[in-house]
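Visitor: I am new to this structure and would like to learn how to read it. Could you walk me through some of the features?

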Amino acid sequence: AICFSNMTSIISDRMMDQMKDKVTSMIESGQLSELEHLSVLGKLVALVEIEPTKLILKRIVQLAGPVKSISNGYDFKSGKDTFVGTSLGNQYIMNSRSLDFELRGTSHYDSVTDICFPEGCSELFITASRNDIRVWDAYKRQELLRIQVPNLVCRCICLSPDGGNIISGWDDGKIRAFKPQSGSLAYMITDAHDGEVDRKSTRLN
């Protein structure tokens with residue numbers, strides 16, 4: 001993420017009109033004055049001061065993915081007072097004054113196509129979706145590892161019997177195996193099928 005914490009500028013009337021067309025939401029906060037608001041412009045969250053003839057841009061941050069939701073809240077531990085969600089499934093908690101933020105949660109942003117648990121283990125599970133495979137802590141409900149393969153959909157996943165590889169089938173007809181600790185590619189079988197690989201299983205003989 002990119003943060004310009006000391007940026008101060010005055011936006012002209014023409015730019016203000018253009019900015020109004022792009023602002024998708026605007027909220028007030030208890031830490032801000034009556035003229036100050038948080039504005040959302042795509043991936044950007046901006047602290048602006050609204051005056052009769054101009055907008056004063058005080059601070060701006062860029063998050064991962066277009067912002068789809070923003071609301072007042074409060075985390076007493078961190079002192080942050082604004083919750084923000086993006087189209088990529090990321091949830092942030094933010095200070096409305098400084099725009100300091102932290103990532104509080106993640107999720108898939110497209111359909112989950114498959115899920116599997118390691119043999120005899122209920123603490124971890126693995127999910128498949130568009131662009132990635134993710135390993136989760138079931139008890140903490142936290143993402144532990146993300147294996148990304150851009151512009152493809154993972155259709156199915158399973159673990160090898162020894163737990164040493166995550167075996168996955170993709171919509172490009174390839175089978176890919178990844179190391180569950182690092183996410184690195186162990187091996188790939190090209191042209192495994194003419195179409196999508198949508199079923200995969202491993203068994204002990």
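This is a predicted model: local features need pLDDT of at least 70, side-chain atom pairs count only at pLDDT 80 or more; totals for chains, interfaces and linings use all residues.

Visitor: What is the phi of L99?

Guide: L99 has a positive phi of about 65 degrees, although this residue is not a glycine.

Visitor: Is L99 buried or exposed?

Guide: Buried means under 20% relative accessible area. L99 has a relative accessible area of 0%, so this residue counts as buried.

Visitor: And R141, where is that residue found?

Guide: R141 is found in the loop between strand 13 and strand 14. R141 is not a glycine either, and its phi is positive, at about 55 degrees.

Visitor: Is R141 buried or exposed?

Guide: Exposed means over 50% relative accessible area. R141 has a relative accessible area of 71% and is therefore exposed.

Visitor: Now the wider view. How many helices and strands does the chain have?

Guide: The secondary structure comes to one helix and 17 strands. Let us take the sheets in turn.

Visitor: What is the strand order in the open sheet of four strands?

Guide: The order is 7-8-9-10, with antiparallel pairing. Strand 7 (67-75) and strand 10 (101-106) are the edge strands, each pairing on one side only. From one strand to the next, the twist averages 25 degrees.

Visitor: How many bridges link strand 7 and strand 8?

Guide: Strand 7 and strand 8 (residues 80-86) pair in the antiparallel sense over six bridges.

Visitor: What is the order in the open sheet of seven strands?

Guide: That sheet runs 11-12-13-14-15-16-17, again with antiparallel pairing. Its edge strands are strand 11 (114-116) and strand 17 (185-189), and each pairs on one side only. The twist here averages 20 degrees from one strand to the next.

Visitor: Which residue in strand 12 is the bridge partner of C116?

Guide: The partner of C116 is I126. Strand 11 and strand 12 run antiparallel, and three bridges join them.

Visitor: How does strand 14 pair with strand 13?

Guide: Strand 13 (residues 130-137) and strand 14 (residues 142-159) are antiparallel and share seven bridges. Within that pairing, I133 stands opposite I147. The hairpin of these strands has four residues between them, and R141 is the one with the positive phi near 55 degrees.

Visitor: And how does strand 14 pair with strand 15?

Guide: Strand 14 and strand 15 (residues 166-170) pair in the antiparallel sense over five bridges. C156 stands opposite G169 of strand 15. This hairpin has six residues between the strands, and G163 takes a positive phi near 75 degrees.

Visitor: How should I think about the inside of the protein?

Guide: As a general idea, nonpolar side chains in soluble globular proteins tend to be buried together. In this chain of 205 residues, buried residues make up 41%.

Visitor: Which residues have the most contacts inside the largest nonpolar core?

Guide: They are I126, I133, I157, I166 and W170, in a core of 15 residues. Strand 12 (124-128), strand 13, strand 14 and strand 15 each supply at least two residues of this core. Strand 14 gives the largest share, seven residues. Apart from this core lies another, of twelve residues, including V45, V84, Y92 and M94.

Visitor: What does I166 touch?

Guide: Leaving out residues up to four places away in sequence, the residues touched by I166 include I126, V135, I147, I157 and F178.

Visitor: What is the average pLDDT of the chain?

Guide: pLDDT is the predictor's confidence in each residue, from 0 to 100. The chain averages 80, and 76% of the residues score at least 70. Over residues 1-16, pLDDT stays under 50, and the model has 33 contacts beyond four places in sequence for that stretch.

Definitions and conventions. Residues are numbered from 1 along each chain as its sequence is written. Side-chain values use heavy atoms; hydrogens and water are left out. Two strands pair if DSSP finds at least two bridges between them. Buried means under 20% relative accessible area, exposed over 50%, partly exposed in between (1.4 Å probe, protein chains only). A nonpolar core is a set of buried Ala, Val, Leu, Ile, Met, Phe, Trp, Tyr and Cys residues joined through side-chain atoms within 4.5 Å. Contact means heavy atoms within 4.5 Å. Axes are lines fitted to C-alpha atoms, for helices over the stretch in contact, and angles run from 0 to 180 degrees between N-to-C directions.
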